[in-house]
Amino acid sequence: MNYQEFIGEMKQVMEQELGNSYQVEVRKIPGFNGQEKTGVTISEKPGQNQIVPVIYLEEVYELFLQKNDLALCVREVLELYREKKQKAETGELLDLQKLEKWEGVKHSIYPILVSEKENERMKEVYMYRKYLDLLILYVVRVSADGIGTVKITKAMTEQWGITEADLHARAMENLQEDGYTIRDLEQLLDELVLGTEDRAERGSQKDSESRMYVLTNSQKYFGAAGMMLSPQLVKKCIGRKNFYILPSSTHEVLILPDNKKFDAKELIDMVQTVNADCVVPEEKLADHVYYFDWEKRQMAILKKKNLC
């Protein structure tokens with residue numbers, strides 16, 4: 001069964017399972033970096049004020065290819081829908097009516113960073129601000145875990161009666177309270193692979209001046225936005241040293257103190273290799289490296305052509 005046949009079969013079986021009280025829709029969802037995904041939404045009839053989560057079918061199709069069991073895939077999707085529905089009923093999802101007023105959403109607004117070059121079309125519909133060669137977009141978090149979001153459109157800000165400056169100021173204020181941390185990469189990997197106790201016994205194998213750090217938020221979701229806070233965070237961690245930022249993905253960045261031991265071109269090559277081999281296209285942030293200079297108090301873009 002190919003992917004298109006799978007989508008049709010999934011929709012038909014879910015409609016049979018749920019009955020006439022529900023509406024099942026399959027639609028193409030535009031993503032970041034020109035990517036597109038297939039999402040299914042389930043809503044109750046008649047139409048009520050309800051946040052309808054999108055469940056993406058690409059991952060479910062991978063399950064089908066592994067198990068060759070359509071009924072299992074349907075159960076997985078319906079279970080996920082019921083979990084999200086329960087969260088909405090218990091107040092873990094933002095009340096849809098709150099989206100209608102600025103006072104109801106302002107504490108749930110956050111910035112995210114994406115590539116400007118790869119997301120030009122987003123400028124037509126969504127509120128944005130330029131940052132270096134990136135775009136700051138803004139989202140309303142609608143779930144308690146911070147994963148469910150709604151991108152903020154120009155029409156939404158008109159309804160709220162606010163300016164772009166109002167939106168940006170509130171998003172940056174909320175960003176300050178988003179649980180950003182800088183962790184030693186080696187220690188973080190050791191905790192994941194070896195466990196905390198083993199890591200403590202093993203200790204770091206790297207010179208403290210050569211360590212790389214991970215910067216992200218508490219949800220580890222669109223945590224790359226923390227690079228806008230990075231100077232003050234880095235200063236607390238390693239002092240007032242110039243540093244490189246390696247854009248690992250839209251969810252986190254890597255911090256590397258500039259101890260005059262690294263070749264910038266090699267760092268750029270590393271970023272490009274990781275992007276090509278390890279990062280899914282929708283989560284790619286940039287193919288180059290950024291550099292913060294304390295004396296200039298300025299973040300700059302490092303590209304190969306600028307280093308020749």
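This is a predicted model: local features need pLDDT of at least 70, side-chain atom pairs count only at pLDDT 80 or more; totals for chains, interfaces and linings use all residues.
Residues are numbered from 1 along each chain as its sequence is written, and side-chain values use heavy atoms, with hydrogens and water left out.

**Exercise 1**

Work out at what angle the axes of helices H1 and H2 cross, and which residues make the contact.

*Solution.* Begin with the elements themselves: helices are DSSP runs of H or I with at least four residues, strands are runs of E with at least two, and both are numbered from the N terminus. The axes of H1 (residues 3-18) and H2 (residues 57-67) come within 11 Å and cross at roughly 100 degrees, where axes are lines fitted to C-alpha atoms, for helices over the stretch in contact, and angles run from 0 to 180 degrees between N-to-C directions. H1 is therefore roughly perpendicular to H2, a label for angles of 65 to 115 degrees. Next, look for contacts, meaning heavy atoms within 4.5 Å: H1 contributes Tyr3, Phe6, Ile7 and Met10, and H2 contributes Leu57, Glu58, Val60, Tyr61 and Phe64.

**Exercise 2**

Decide whether Asn119 is buried or exposed, and find which backbone atoms its side chain reaches.

*Solution.* First locate Asn119, which sits in the loop between strand S4 (109-115) and helix H5 (122-125). Asn119 counts as buried because its relative accessibility is 0%; buried means under 20% relative accessible area, exposed over 50%, and partly exposed in between, with a 1.4 Å probe and protein chains only. Then follow the side chain of Asn119: one of its polar atoms lies 2.7 Å from the backbone nitrogen of Asn33, and the side chain also reaches the backbone oxygen of Ser115 at 2.7 Å. Leaving aside residues up to four places away in sequence, Asn119 touches Gly31, Phe32, Asn33, Gly34, Val114 and Leu135.

**Exercise 3**

Find which residues form salt bridges with Lys123, and compare how exposed the residues involved are.

*Solution.* A salt bridge is a side-chain nitrogen of Lys or Arg within 4 Å of a carboxyl oxygen of Asp or Glu, and the whole structure holds 12 of them. Glu116 pairs with Lys123, their closest N and O atoms being 2.6 Å apart, and Glu120 also pairs with Lys123, at 3.1 Å between the closest N and O atoms. Glu116, at 11% relative accessibility, counts as buried, as does Lys123 at 13%, whereas Glu120 is partly exposed at 40%.

Terms used:
Angles under 35 degrees count as roughly parallel, over 145 as roughly antiparallel, 65 to 115 as roughly perpendicular and the rest as oblique. A polar contact is a pair of N or O atoms within 3.5 Å; within protein, one must be able to donate a hydrogen and the other to accept it, and residues adjacent in sequence count only if both atoms are side-chain atoms.
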